[in-house]
Amino acid sequence: MNQQIVEQLQQGFQLLQAGQIDQAKLCFEAILNVDANNEFALNLLGVTYLRLAQPQQAIDVLHRALKVNQKDSETYANLGLAFKDLNQWSKAQGFLEQSLQINPKQPTVLNNLGNVFAAQNLHQQAAKCFDAALKLAPDYPECLSNFAQSLKEIGQHTIGLKAIGAARKLEPDNSYFANVQGEIELACGQYQAAEKSFNNAISLGDNLVAKVNLSTALKQTGCYAKAKDCLYEVLAIEENNTEAHHHLGVLQEQLGEFDQAASSFRRALQYTPNHASSFYQLAKLKQQSLSKQEVEKINNLLTDPVTPDVFKVSLYLALGVHADKQKHFHQAIEYFIQAKSLKAKKVPYQAEITEQYRHVVKEIQPQVGQGQVVGNMQPVFIVGMPRSGTSLTEQILASHSQVFGAGELGFINDLMKQAEQQTQTRYPYCLTKLSTQSLTHLGQTYKQRITQTFGEHPVVIDKNPLNYNFIGFIKAILPDAKFIYCKRQAMDNCVSIFKLPFDDNQSYAHDLSGLGHYYREHQALMTIWQQQFSDDMLQIDYENMVMDQQQQTQNLMDFLGLDYEDATDEFYKTERIVMTPSAEQVRQPIYTSSVNNWQKYGDAVLPLAEALQIDL
């Protein structure tokens, strides 16, 4: 290579670094006019096109570079970035992995590969890539932040907070990192800490994403007016902010403002026509129907190969809900099956793990100690399968003057992780290693968090249905805890779950056979708890509740030692936020149309009946 070309390459590289992209492009093109196969100029021109947001042109010149040198790791890495920009994930992954085969010690490439996995919602694989990159470059702030976000997605919040904490030490004035910290704190129920982090992010850079997130933190602590104001402030600055419109719609739905919610979801779709979640949220509003044009748009998105599976899930569910409203039940269940099969493919249900957990709990529970009662607040846990009437039961109780409904809290899960850390033993084995003092302290921590978050209340309802898994742990740290077990006819309960977009990690919810198995295991575990804690547990059958609400409400009052109040009869008039899929149902008087609702789906639900061992 002659000296003039070397100097031109250096000049072009300096221009690229200085952000003078157009001049750099002209420089590299001039070299290629003289030396068409100069691999360095081809590669740098590819990088230039990436900086110009022209990935297809980048791919063209980078493929030319590969013909000159098939062993250059940077060319493969840059091709990976170009395909990433085109959302062609498998090709992006392939080229990045080829780059790493040639040179495994590339933290930037490992970080980019992690981003490709994260973009596909494959956060386990993403976390492994980020971890490998950080082993090579521990002080890589962007990678630390990416690692933290993937750890959040797979539920490893403690490690995630450590990772983002390290990133923030390296760049304390980084608004984006402050927002990521807030998102992780929000995910593990540290609402005041999240509020502080989001405010910090906003102060560092007028971060609108953080302002939208701040509205969620405020909502979780009961500051609904402030949460709305946050979103209105975002929209005053950026009228076309899709996420602000979407979050406002969700908040309005949860507050019972259903017409306003529909308008917000439609505005979100106006600015982002492929916003899959807004299609689903709009479709499930009971008094709303998707227009012909909206249904057509959904179908077009489903046939578009660029639409990722995570969006397709929401789109199929939207069509399923729409078909249900049109009473096209066979078509509806097929849409639901298509949606959930995408989730099941990604996270298959593992029946043996569910069975093993029950066996271990049964073996360990007799060895578990008990803490002491601290404080006067009466903790009440509504447990059971999701969609078994837990929201309805909470709404009725929260209509009583002495009862505060705190919604679905993650506090017990956090305390369980604390127990694991204290004993260096995973749950549930850690329970046998906790002293009376440790158990008492964990219970005290629970009550303190309730008071700090929601204020002082005589009776507080924690309505996280899946706390049924941890009743033994809850009773050990909170000996005064009472449990209301909501139960619903198995077929109705499971079909209702199947029609909803449960999180990926709730893998039982994505497959009819898996649902049936999980329901039976749930019943077996609840039998263990009912036998051990019968005096502190009341079973409420959904079918009895909708047939005779007053009698069931009286049973609840007697169980909790409360006087009957007329407000509980008109629970649907109680003004409070409901942050579950039942937000609309609990604002209506009792209705019985959900009993035997599964029958309208015919033979499509036979795999569920078989797994439940029910003869139809």
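Mentor: Buried means a relative accessible area under 20%, exposed means over 50%, and partly exposed is whatever falls in between (1.4 Å probe, protein chains only). Before we start: this is a predicted model, in which local features need pLDDT of at least 70 and side-chain atom pairs count only at pLDDT 80 or more, while totals for chains, interfaces and linings use all residues. Residues are numbered from 1 along each chain as its sequence is written, and side-chain values use heavy atoms, with hydrogens and water left out.

Trainee: Okay, why is Val-212 called buried?

Mentor: Its relative accessible area is 4%, and the cut-off is under 20%, so Val-212 qualifies as buried. Val-212 sits in helix H13, residues 208–220; helices here are DSSP runs (H or I, at least four residues) numbered from the N terminus.

Trainee: Which residues does Val-212 contact, leaving aside neighbours within four places in sequence?

Mentor: Leu-231, Val-234, Asn-241, Glu-243, Ala-244 and His-247, where contact means heavy atoms within 4.5 Å. Take Asn-241: it is 29 residues from Val-212 in sequence, and the C-alpha atoms are 9.7 Å apart.

Trainee: What makes Asp-206 exposed?

Mentor: Asp-206 has 66% relative accessibility, which is over 50%, so it counts as exposed. Asp-206 belongs to the loop between helix H12 (191–205) and H13, and its phi is near 45°, a positive value in a residue other than glycine.

Trainee: And why does Lys-327 count as exposed?

Mentor: By the cut-off of over 50%, its 62% makes Lys-327 exposed. Lys-327 is in the loop between helix H19 (309–325) and helix H20 (329–346), with a positive phi near 65°.

Trainee: Why are H5 and H6 called roughly antiparallel?

Mentor: Helix H5 (residues 73–85) and helix H6 (residues 89–102) cross at roughly 165°, their axes coming within 7 Å. Angles over 145 degrees count as roughly antiparallel (under 35 is roughly parallel, 65 to 115 roughly perpendicular, the rest oblique), so H5 is roughly antiparallel to H6. The crossing of H5 and H6 is left-handed.

Trainee: How do the residues of the contact of H5 with H6 divide?

Mentor: Into nine nonpolar, four polar and two charged. Among them are Tyr-76, Leu-79 and Phe-83 of H5, and Trp-89, Phe-95 and Ile-102 of H6.

Trainee: What about H23 and H24: at what angle do they pack?

Mentor: About 145°, with axes 11 Å apart, and H23 passes H24 in a right-handed crossing. Residues of H23 including Phe-411, Leu-415 and Gln-418 meet residues of H24 including Leu-442, Tyr-446 and Arg-449. The whole contact of H23 with H24 divides into eight nonpolar, five polar and two charged residues.

Trainee: What lies in the loop between H23 (411–423) and H24 (436–454)?

Mentor: Pro-428, for one. The peptide bond from Tyr-427 to Pro-428 is cis, with omega near 5°.

Trainee: What makes a set of residues a nonpolar core?

Mentor: The members are buried Ala, Val, Leu, Ile, Met, Phe, Trp, Tyr and Cys residues, joined through side-chain atoms within 4.5 Å. The largest nonpolar core has 118 residues, of which Phe-381, Tyr-446, Ile-471, Phe-473, Tyr-508 and Trp-529 touch the most other members. Apart from it lies another core, of 55 residues, with Ala-41, Tyr-49, Leu-50 and Cys-143 among them.

Trainee: Which residues does Trp-529 touch, not counting those up to four places away in sequence?

Mentor: Val-361, Gln-365, Tyr-468, Asn-469, Ile-471, Gly-472, Ser-534 and Met-537.

How values were computed:
Axes fitted to C-alpha atoms, helices over the stretch in contact; angles between N-to-C directions. Helix = DSSP H or I, 4+ residues; strand = E, 2+ residues; numbered from the N terminus. Left-handed = near helix turned anticlockwise from the far one by under 90°. Nonpolar A, V, L, I, M, F, W, Y, C, P; charged D, E, K, R; others polar.
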